[in-house]
Amino acid sequence: MINWQANVYPKQFSGVKCRKRQKINPPLVLTIGFIVLIMLGTSLLMLPMASTQPISWLDALFTATSAVTVTGLVVIDTGTDLTVFGQSVVMLLIQLGGIGFMTVAVISILSLGKTLGLQQRLLASRAFDTNDLTSVIKVAKYVLVYSLVIESVAFCLLFISWFDDYGVLKSAYHSLFYTISAFNNAGFALSGDSLSAFKGDITVNVVITALFIIGGLGFTVLIDIYKQKRWSLLSTNTRLVLIATLVLNCIAFILIFFFEHANPATLAPLSTSEQILTAWFQAVTPRTAGFNTLPIDGLSQDSTLLTMLLMVIGGGSVSTASGIKLGTFVILILAMRSYLKQQTTVTVFNRQLSDKLVIKALSVMILYLFIAFTSIMIITKLEQGSLLDITFEAISALSTVGLSRGITGDLSAPSQLIIILLMLIGRVGPLTFAYCFARQHSQPLTYPTTSIQIG
């Protein structure tokens with residue numbers, strides 16, 4: 001994470017006056033940026049031409065927030081309650097929220113022939129999670145190009161797959177909508193049952209899962225793969241994310257298939273090939289994709305708990321996914337392993353992780369759990385629903401997943417506002433959101449060490 005305090009800047013920007021340095025608070029500015037985008041989306045969705053029937057401001061706010069935060073939770077049916085204009089607004093919000101409005105801002109500034117100042121570079125570097133302020137322009141370009149290339153390929157594949165059934169215009173529109181929604185891990189669908197109608201379609205399953213898995217790896221990982229092209233040259237972060245993604249997806253697939261193969265509400269009525277495809281889809285979608293080909297409320301308790309765990313873990317950093325992030329989860333596992341082995345350092349791939357990085361990972365996890373449990377307790381007090389359903393909904397919102405056990409539209413207005421806040425926090429990140437309110441203090445003194453009993 002970039003050290004964005006007002007008194008710490010790279011040498012190449014040391015000529016900027018201190019008075020200007022103290023004005024910027026990147027986490028707060030980024031959070032406000034998302035809020036402004038949500039408000040703009042809400043205003044557009046409130047227009048008469050955006051919906052087939054009048055919707056409330058809360059429904060518009062919820063939908064706009066869900067789109068900008070690439071969550072996918074809905075209180076109205078996207079396919080029937082919104083017009084083509086309204087659906088197009090949702091698509092635009094998903095794309096801007098997914099690749100990041102800072103990417104669009106950087107590209108827009110450059111396209112106008114202008115240069116980025118210090119504050120713009122600080123904001124962009126905070127959004128891209130990089131310490132190198134000189135590389136933000138290249139990163140922004142890579143993010144935009146990768147997004148367009150990957151989405152274009154997926155669009156063509158889906159268009160070919162749906163052409164015979166939908167015709168030219170409808171297949172093109174559906175392909176565009178689902179490509180944008182899947183790559184940005186949004187989970188918005190044009191059908192009330194998501195992608196359940198395509199549970200046996202190999203092309204749809206492979207393309208959609210490939211989109212949100214690639215989108216969930218993180219743009220820094222994709223850039224590193226493109227530049228290095230050899231496993232031995234990849235960064236530690238890239239190798240860690242790729243291995244962890246493969247391991248988690250395989251384990252989740254095996255467990256979902258084992259838990260659900262005899263469940264009459266999910267896999268049992270399907271053929272063997274459909275069971276495999278559907279189990280794979282359900283295994284990889286919880287880490288913030290939001291699509292489903294199985295009824296979520298029909299899953300066994302084992303699969304429901306596994307799904308919640310996967311939602312908490314989420315995807316890679318600087319990606320279209322959320323959760324605590326894959327890197328955070330792996331660091332916590334490695335730290336636990338080091339402690340159990342009585343090692344004084346945390347290592348991975350013959351590299352030592354700094355204590356600051358471990359503390360940051362622990363802080364992210366604690367903040368996530370605190371926010372999740374606080375919101376669950378409040379919603380439980382406001383609603384009369386099942387604790388499992390409410391817990392699932394809150395975790396889905398905070399991890400910007402979009403999966404639901406069917407209670408989203410039945411929540412009261414206060415509960416929906418809490419879910420809206422959770423989606424926003426989940427998109428900017430619990431730690432970044434906390435930075436908006438935390439005051440930085442220098443600690444010049446060194447205190448004697450002490451011990452507290454734990455475990």
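User: Is Ser300 buried or exposed here, and why?
Analyst: Ser300 counts as buried because its relative accessibility is 16%. Buried means under 20% relative accessible area, exposed over 50%, and partly exposed in between, with a 1.4 Å probe and protein chains only.

User: What am I looking at, and how is it numbered?
Analyst: This is a predicted model, where local features need pLDDT of at least 70, side-chain atom pairs count only at pLDDT 80 or more, and totals for chains, interfaces and linings use all residues. Residues are numbered from 1 along each chain as its sequence is written, and side-chain values use heavy atoms, with hydrogens and water left out.

User: OK, where does Ser300 lie?
Analyst: Ser300 is in the loop between α12 (272-284) and α13 (301-313). Helices (H or I, at least four residues) and strands (E, at least two) are DSSP runs, numbered from the N terminus.

User: And what does Ser300 touch?
Analyst: Leaving out residues up to four places away in sequence, Ser300 touches Phe259, Glu260 and Asn263. Contact means heavy atoms within 4.5 Å.

User: Switching to Leu332, where's that?
Analyst: Leu332 sits in helix α14, residues 326-340. Not counting residues up to four places away in sequence, Leu332 touches Ala361, Leu362 and Met365.

User: How many residues apart in sequence are Leu332 and Leu362?
Analyst: They are 30 residues apart in sequence, and 6.9 Å apart in space, C-alpha to C-alpha.

User: Zooming out, how many helices and strands does the protein chain have?
Analyst: The protein chain has 18 helices and two strands. Of its 455 residues, 53% count as buried.
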